[in-house]
Structure formats: C-alpha cells, structure tokens
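User: Could you take me through this model? I will ask about several regions in turn.
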Amino acid sequence: MYIESIELKNYRNISDIKIKPHKKTSVLFGNNAQGKTNILESVYYCATGRSHRTNNDKELVSFDKNEAFIKLMIRDDYGRIDRIDINIRSNGRKGIGINGIAVRRIGELLGTLNVVMFCPENLQLIKAGPGERRRFIDMEMCQIDKLYYYNLKQYYKVLKQRNNLLKSIKKTDDTLDIWDMQLAEYGAGIMDQRTDFIEKISDIAADIHSKITAGSERLSLEYKPNVSRDAFYKKLVQSREKDIYYGNTSIGVHKDDIVFYVNGINAREYGSQGQQRTACLSTKMAEIELIRQEKNHYPVLLLDDVLSELDKKRQEYLINNIADVQTIVTSTGIDDNIKSICRDGSIFYVENGKVIKK
Ligand SMILES: Nc1ncnc2c1ncn2[C@@H]1O[C@H](COP(=O)(O)OP(=O)(O)O)[C@@H](O)[C@H]1O
Ligand SMILES: [Mg+2]
C-alpha cells in the first residue's frame, strides 16, 4: 500500500498544497515550524480518524478559516486506488468520505490506510506513563481490528456513564449493575484482544531487538491487565462503595499496562537508557511487521524528526529494514543519512506551509 497524493486545504498553516510522495521515500525538509509535522499529521488522521498530537480537531483548521480539507489517494498492492476525503470544521465536526461515499463512523475508515508514526517521544514509551503505552496498543490495534475499536469505544462510553452515575449517587445502588455488566463484557473482549496482540508484537519485537543488539539482548513484552478478565464484574461490584466515594471507576482496562523486559529484567525499572530506547525502537519496528502480517500489506511509515535521535547503528538498522515500506520522513537538514535513504526517493522543501519539490 502506498500514498499516491496528499492534498491539503486550510489545514493548520497550509492553505493549499498537493504533493505526490515517492513510492519509496520522501523527505520533507525545512526549518522548524514550517508545516512538516502538519503534513504527517494529516496522513495519520486519514488512517486513524484522529491527530497524533491533539484531541481537539478544531486546532487542525487554519486560524482564519471555517473548514480544513484532506484528500488522499492510496494505491494498494493490486493497483486499486482508494480515495479518502476528510473535512474538519472549525466547530469541531467532521465529515469522512471513502471513494466519494460519506461514512458516518470512524470505524468504517479504519483499515483503509495503515500507518505507523514514529516520533522522538516514542523512544520514551517505556519510561512514559501507562496511558502512553495503552495509546500505543490502541492506535495500532484499531487499525488492524475493527472489533477492537468497537469494543474500546463502547467500553469508554459505558465507563463515562458509570462515572457520571457514581458522582450523582450517595450510596451503593442497583442502577450501577447495568453499567458494571457492560463494562465487564466489553472489558473481557478488550483483554482477550490485548493478550493476543501483545503476544504477537512481543515475538516480532524480540526478533528485531535480537538483531539490533547482535543477539546480546532478549526483549519481551508482557501484558499487565489491571484486573483479571473473569473477576472483573465481581471486582466492580466490590469496589462500588469506594468508587462512589471517589466518583471514579477504580479498576478496569482503562488502567492496563505493558511491561518490557530486557534479558528478563524489567526495563522500566532497571534498564539503561540505551536499552530502553533500543527496546522502544524494536517495538516500533515490530508494529510495521505486525501490520504486514495481519493485513497482508505494509503500512506507510511516517518518521518525524526521529533519525537524528538514533545513533548510527540504530539509524542503519532502521534504514536497511524499511526498503519495502513507503516512508515519509521529516528533517531540518539533509545529511548523509537522509541522502542515503533518498537514493530512491524524492525531496520536498517545506517553507511557511508551502511545498516545493526539489
Ligand atoms: N490552526 C492553525 N492555523 C494556522 N497555523 C497553525 C495552526 N496550527 C499550527 N499552526 C502553525 O503550524 C506551524 C507548525 O507546523 P509544524 O508542522 O509543527 O512544523 P515543523 O515544520 O517544525 O514540523 C507553526 O508555525 C504553527 O503556528
Ligand atoms: Mg515537526
């Protein structure tokens, strides 16, 4: 799968551009604050129905405009073209079209385009809070499995309703039961899917990690559910009183985590910074391979200012292993590495929301 063209109108600082990324590598190069990440963000939006850096869609519309437009043409491995149209209004509403047909739900968009976004913050995944690690699982899994997206969406909807009720009642009440049952049901689905996903990504990441470290380190990822699947409902009932007191649901998949082990030792607690960062790189690269296995095509890789964060060995590993993946990379300069990945690619110069092909 690869992107044939990206058209943006009134998107952040970009008033009107059309670019045709190279089938292999495209470099967006330019000074800071010119619009490079904005372009990657718009591509990410087409894959996931959301920005990777804000929950507030209004921010995506140019300051003085009412509506932003994204149009992407994608070609799959059989030569078939798909077109994604997104329009985002300054009141926060949005419209999504696939091949000219309006779709009402993000769930219908998911899977049309697959992307893996890699930015410097991802190298902090192990050190970050559990919310970041859940986000990593969720964004990857939603692209692979619509049922997961559906379960997650329903889970959070029910969670919100339960939390609202907790805040409005004074003592334990049977009205909680309907929410507890639903949370347990959607939660069990999510836990099953997360178990399966983390097992798969752990195997792939272990392989990659072993290659990067020339066999000297063994990486594994372990799913740490906040509550056991089968005890979830019972535990919810038991925690009702406490939850009413705090006005919040204290247990559930919204508190899950993943633990990273290097050579069997918890990398968050005992790993060196180098080990942690390599483990993050391996995991990120495993996302690409997992999408290939699950979807039978490679995702598009978006590398935002990340190459300069990696040392030479890791840069080389990354560059040598993305030959079959369409990659769009941002950079503030053109150094030897950028040149080497661009032997087969295009360079675009980005300045003040405008793009010139070099
Ligand atoms: N809604 C918006 N309307 C107009 N400009 C915006 C909007 N949101 C962000 N910007 C501008 O976009 C620029 C940042 O673009 P970005 O893609 O993050 O830069 P970089 O090239 O460093 O990756 C900044 O100049 C910022 O002011
Ligand atoms: Mg940027």
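User: Where does Val227 lie?
Analyst: Val227 is in the loop between β9 (219-224) and α6 (232-238). Helices (H or I, at least four residues) and strands (E, at least two) are DSSP runs, numbered from the N terminus. This is a predicted model: local features need pLDDT of at least 70, side-chain atom pairs count only at pLDDT 80 or more, and totals for chains, interfaces and linings use all residues. Residues are numbered from 1 along each chain as its sequence is written, while chains are lettered from A and ligands numbered from 1 in the order in which they are written.

User: Is Val227 buried or exposed?
Analyst: Val227 counts as buried because it has 21 C-beta neighbours inside 10 Å. A residue is buried if 20 or more other C-beta atoms lie within 10 Å of its own, exposed if 12 or fewer, and partly exposed in between; C-beta atoms are placed from the backbone.

User: Which residues does Val227 touch?
Analyst: Leaving out residues up to four places away in sequence, Val227 touches Phe232, Lys235, Ile251 and Gly252. Contact requires C-beta atoms, placed from the backbone, within 7 Å.

User: Turning to β13, why is it largely enclosed?
Analyst: Five of the five residues of strand β13 (residues 327-331) are buried, so the rest of the structure largely encloses it. Thr327, Val329 and Ser331 are buried on one side, and Ile328 and Thr330 on the other.

User: Which strand is joined to β13 by five bridges?
Analyst: Strand β3 (residues 25-29), which runs parallel to β13. Strands pair if DSSP finds at least two bridges between them. Thr25 stands opposite Thr327 in β13.

Definitions and conventions: Two residues are in contact if their C-beta atoms, placed from the backbone, lie within 7 Å.
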